[in-house]
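The following exercises concern one protein model. Please examine the sequence and the structure before reading the solutions.

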Amino acid sequence: MTTNIQVGTGTPNLPDDTVPAQKIKHSRPSRGQGSASTGVKIGLGIIVLLWTIPTIALLINSFRPRDVQFSEGWWTVIASPLDFTKWTLSNYQQVLSDQPGGVNMGNAFVNSFAVALPATVIPILIAAFAAYAFTFMSFRGRDVMFVVIVGLLVVPNQVALVPLLKLYSAVHLNGTFPAVWLAHIGFGMPLAVYILRNYMSGLPNAVIESAKIDGASHFTTFWRLIIPMSLPALASFAIFQFLWVWNDLLVALLFLGRGDNAVVTVAAQGLLGQTGQGKELIPAAGFISIIVPIIVFLSLQRFFIRGLTSGAVKG
């Protein structure tokens with residue numbers, strides 16, 4: 001589409017005007033500079049489809065009875081989607097009801113929140129204080145301490161499980177929520193300090209110096225300036241930590257077990273049974289367990305993207 005305007009005035013050109021008109025081309029939004037080409041769009045569509053197929057299969061199987069799940073592939077519903085003899089809600093009813101000798105999924109859902117929320121908020125607060133100290137405070141051995149903390153990222157969590165299990169047994173913490181909180185706080189702290197320290201080092205020093213000149217203490221500077229300016233990085237790590245804790249099975253199974261404090265992943269694994277008699281319930285339990293992580297990611301994705309891209313381009 002083109003528009004004729006008079007040079008120097010920016011007003012529309014008249015038919016009898018002798019001044020040559022300048023033509024301005026209005027490009028389509030999808031074809032401007034930086035827009036993806038058709039090949040890139042097709043490639044992205046294929047990748048999205050491949051990543052979405054397992055979730056679609058999980059959703060379809062969660063509504064099918066046991067004999068249909070094990071006799072036909074999930075893709076057969078495409079040929080006869082209105083055959084209601086192959087659909088059922090009993091899987092979700094059984095998952096959400098009390099299982100004989102098992103764990104109620106509703107209680108496990110509450111237990112997962114009781115584990116995930118403190119295990120996400122506490123390490124963020126501690127790591128934010130530590131990152132501020134490593135970035136804006138000068139003390140002897142600061143860089144060495146930071147390197148040691150970052151070096152803990154290469155230590156696998158599995159090597160600390162047996163010592164922690166013995167330590168918790170000595171202080172009678174096994175089977176309690178604080179046992180899982182402490183484990184997740186310790187395992188997530190090095191990455192939190194690393195992410196937040198790198199983000200805070202990119203903040204403008206002029207703001208910090210102005211706060212010092214105005215007489216602000218370190219705590220005031222941290223709480224009123226650094227925390228609001230670091231929200232993208234805080235939200236990014238919060239998403240990572242929440243998803244890790246929510247989807248964790250190993251730590252929860254070791255330190256909480258299958259008692260009244262069992263979380264969603266442990267309860268879902270318990271539905272399987274010793275001989276696989278509850279295998280048809282696993283898709284329904286799995287789909288229930290991923291609802292919360294999806295909501296958390298979608299609600300915080302704006303901060304997540306800003307946190308990942310912050311500092312990527314500096315000039």
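**Exercise 1: Annotated stretches**

Over residues 177-196 the chain is 100% helix and 0% strand, with the end C-alpha atoms 26 Å apart. Helices (H or I, at least four residues) and strands (E, at least two) are DSSP runs, numbered from the N terminus. The model is predicted: local features need pLDDT of at least 70, side-chain atom pairs count only at pLDDT 80 or more, and totals for chains, interfaces and linings use all residues. Residues are numbered from 1 along each chain as its sequence is written, and side-chain values use heavy atoms, without hydrogens and water.

Task: State how far apart the end C-alpha atoms of residues 108-132 are.

Solution. Residues 108-132 are 100% helix and 0% strand. Their end C-alpha atoms are 36 Å apart.

**Exercise 2: Two helices**

Task: Identify the residues through which helix 8 meets helix 9.

Solution. Begin with the elements: helix 8 covers residues 205-213 and helix 9 covers residues 218-229. Next, take the contacts (heavy atoms within 4.5 Å). Val207, Ile208 and Ala211 in helix 8 meet Thr221, Leu225, Ile226 and Met229 in helix 9. By class, this contact of helix 8 with helix 9 has six nonpolar residues, one polar and no charged. Nonpolar means Ala, Val, Leu, Ile, Met, Phe, Trp, Tyr, Cys and Pro; charged means Asp, Glu, Lys and Arg; the others, Gly among them, are polar.

**Exercise 3: A pair in helix 9**

Task: Locate Phe219 and Trp223.

Solution. Phe219 and Trp223 both lie in helix 9, four residues apart, about one turn of the helix.

Methods. Axes fitted to C-alpha atoms, helices over the stretch in contact; angles between N-to-C directions.
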